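Some labels used for protein structures rest on cut-offs. The turns below set values against those cut-offs.

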Amino acid sequence: RTSGDIVSVDSSAQTFTITHGSKEHWTFKTDNSTKVKGLGKDINLTDLKPGDNVRVSYTETPSDKTAARIDVLHGKKSHA
């Protein structure tokens, strides 16, 4: 599990990138089982915006990280 700010979302590739630490960026894949929550309700990957602060639960393989759950902790815009 990690947290950071959304840098970008690629809805066609079903990926998103967050800042991790001061300079590092981590990119996560998503799949049909990835849950996205914004202020306690279900939202979509496309609802995530750059600057949103998120907590990500994920599984990692040698080649990539796949998000199991994304929780928006606070956002640039309301997700309510």
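What follows is a set of questions and answers on this chain.

The model is predicted, so local features are given only at pLDDT of at least 70 and side-chain atom pairs only at pLDDT 80 or more, while totals for chains, interfaces and linings use all residues. Residues are numbered from 1 along each chain as its sequence is written, and side-chain values use heavy atoms, with hydrogens and water left out.

Q: What makes up the chain, helices or strands?
A: Helices (H or I, at least four residues) and strands (E, at least two) are DSSP runs, numbered from the N terminus. The chain has 0 helices and 7 strands, and the order from the N terminus is β-β-β-β-β-β-β.

Q: Why is the chain called as compact as a globular protein of its length?
A: The radius of gyration is taken over C-alpha atoms, and the globule rule is 2.2 Å times the number of residues to the power 0.38. For 80 residues the rule gives 12 Å and the chain has 11 Å, which is close, so the chain is as compact as a globular protein of that length. Along the principal axes, the C-alpha atoms fill a box of roughly 35 × 30 × 25 Å.

Q: Why is Thr15 called buried?
A: Buried means under 20% relative accessible area, exposed over 50%, and partly exposed in between (1.4 Å probe, protein chains only). Thr15 has a relative accessible area of 16%, so the residue is buried. Thr15 is found in strand 2. Contact means heavy atoms within 4.5 Å; beyond its neighbours within four places in sequence, Thr15 is in contact with Val9, Asp10, Thr27, Phe28, Lys29 and Leu45. In the chain as a whole, buried residues make up 36% of the 80 residues.

Q: What makes strand 1 and strand 2 a pair?
A: Two strands pair if DSSP finds at least two bridges between them. Strand 1 and strand 2 are joined by 4 bridges and run antiparallel. Asp10 stands opposite Thr15 in strand 2. The hairpin of these strands has 4 residues between them, and Gln14 takes a positive phi near 60° there.

Q: Which strands pair with strand 6, and over how many bridges?
A: Strand 1 (residues 2–10) pairs with strand 6 in the antiparallel sense over 4 bridges. Thr2 stands opposite Val56 in strand 6, and Ser3 has Arg55 as its bridge partner there. Strand 6 and strand 7 also run antiparallel, joined by 8 bridges, and form a hairpin with 4 residues between them. In strand 7, Val56 has Ile70 as its bridge partner.

Q: Which residues have the most contacts inside the largest nonpolar core?
A: A nonpolar core is a set of buried Ala, Val, Leu, Ile, Met, Phe, Trp, Tyr and Cys residues joined through side-chain atoms within 4.5 Å. The largest has 14 residues, and those with the most contacts inside it are Phe16, Ile18, Phe28, Leu48, Val54, Val56 and Ile70. Two or more core residues come from each of strand 2 (15–20), strand 3 (24–29), strand 6 (53–60) and strand 7 (65–74). Strand 7 gives the most, with 3 residues. Not counting residues up to four places away in sequence, Val54 touches Thr2, Ser3, Gly4, Ile6, Ile18, Leu48, Ile70, Asp71, Val72 and Leu73.

Q: How many aromatic pairs are there, and why is the pair of Phe16 and Phe28 called stacked?
A: Rings of Phe, Tyr and Trp (its six-membered ring) pair if their centres lie within 6.5 Å; planes under 30 degrees apart count as stacked, over 60 as edge-to-face and the rest as tilted. By this rule the count comes to 4 aromatic pairs. The ring centres of Phe16 and Phe28 are 5.3 Å apart and their planes are at 20°, so this pair is stacked. Phe16 lies in strand 2 and Phe28 in strand 3, so the pair ties together parts that are 12 residues apart in sequence. Phe16 and Phe28 are both buried. Ring pairs link Phe16, Trp26, Phe28 and Tyr58 into a cluster.

Q: Where is Ser57, and which residues beyond its neighbours in sequence is Ser57 in contact with?
A: Ser57 is in strand 6. Leaving aside neighbours within four places in sequence, Ser57 is in contact with Arg1, Thr66, Ala67, Ala68 and Arg69.
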